[in-house]
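Please read the following notes with the model open beside you, and check each point against it as you go.

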Amino acid sequence: MADTTATAVMNPAATDHLPSFVAMPGQTDTLFFIMLAFLIAAVLMIGTLYLKLHALPEHLAHRTSKVQYEVVAILALIALFTHNAIFWIAALLLAMIDLPDLTAPLSSMARSLEKLSGRRRPPGPEGQSGVLSYDEQAAAAQPFPWQRKG
């Protein structure tokens with residue numbers, strides 16, 4: 001009867017044809033651990049690159065106004081969770097465009113109209129304009145020529 005027990009020794013004729021990375025029975029497979037470390041490093045590097053690329057519109061929008069930055073950040077966040085590239089493209093385009101400041105001309109017109117009407121706001125804390133109540137505005141207003149006495 002033949003012996004059916006398996007031996008851990010390879011046939012000496014087979015070792016000449018095996019590549020050097022094939023492990024002998026009972027030895028550690030070094031190629032497996034090298035490839036495992038490479039795969040983990042590659043996944044971490046690709047993930048980092050993806051997240052940095054995904055945050056590009058937000059980095060570009062830092063130089064813009066607060067409202068524009070917040071809109072870009074929200075679009076980028078929606079793009080991250082929905083995987084729709086159109087939101088990311090919209091965020092990138094919005095970050096690249098300088099929106100005009102529409103409040104500056106309106107503030108200038110309001111200050112000019114205050115000067116013309118004679119109603120001046122007293123400076124508030126830190127040099128900001130305070131808000132006057134109706135009674136304070138009436139007291140600060142110069143009377144019209146027909147309301148002047150004497």
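Among contacts between residues at least 6 apart in sequence, what percentage join residues at least 24 apart?

1. Among the contacts in the protein between residues at least 6 apart in sequence, 38% join residues at least 24 apart. Please keep in mind throughout that this is a predicted model, and that the values below were computed from it.

2. As for the overall make-up, the protein has six helices and zero strands, and from the N terminus on its elements therefore read α-α-α-α-α-α under the DSSP assignment used here. Buried residues account for 10% of the 150 residues in the protein.

3. Two packed helices are described by the angle between their axes and the distance between the axes. Helix H3, covering residues 66-82, packs against helix H4, covering residues 85-96, at an angle of about 160 degrees, and the two axes lie 8 Å apart. Because angles over 145 degrees count as roughly antiparallel, H3 is roughly antiparallel to H4. The crossing in which H3 passes H4 is left-handed.

4. The side of this contact that belongs to H3 is made by Gln-68, Val-71, Val-72, Leu-75, Ala-76, Ile-78, Ala-79 and Thr-82, while H4 contributes Phe-87, Trp-88, Ala-90, Ala-91, Leu-94 and Ala-95.

5. Gln-68, which has its place in helix H3, deserves a separate look. Its relative accessibility is 5%, and since buried means under 20%, Gln-68 counts as buried. Leaving aside residues up to four places away in sequence, Gln-68 touches Leu-94, Ala-95, Ile-97 and Leu-99.

6. Most residues other than glycine have a negative phi, whereas phi of His-83 is near 60 degrees, a positive value in a residue other than glycine. At 61% relative accessibility, His-83 counts as exposed, because the cut-off for that class is over 50%.

7. Finally, the structure holds one aromatic pair. The ring centres of Phe-32 and Phe-33 are 5.2 Å apart and the ring planes stand at 75 degrees, so the pair is edge-to-face. Phe-32 has a relative accessible area of 47% and is partly exposed, and Phe-33, at 48% relative accessibility, also counts as partly exposed.

Notes: Residues numbered from 1 in each chain as written. Predicted model: local features only at pLDDT ≥ 70, side-chain atom pairs only at ≥ 80, totals over all residues. Heavy atoms only, no water. Phe/Tyr/Trp six-rings, centres within 6.5 Å; stacked < 30°, edge-to-face > 60°. Buried < 20%, exposed > 50% of the residue type's maximum accessible area, 1.4 Å probe, protein only. Axes fitted to C-alpha atoms, helices over the stretch in contact; angles between N-to-C directions. Helix = DSSP H or I, 4+ residues; strand = E, 2+ residues; numbered from the N terminus. Parallel < 35°, antiparallel > 145°, perpendicular 65-115°, else oblique. Left-handed = near helix turned anticlockwise from the far one by under 90°. Contact = heavy atoms within 4.5 Å.
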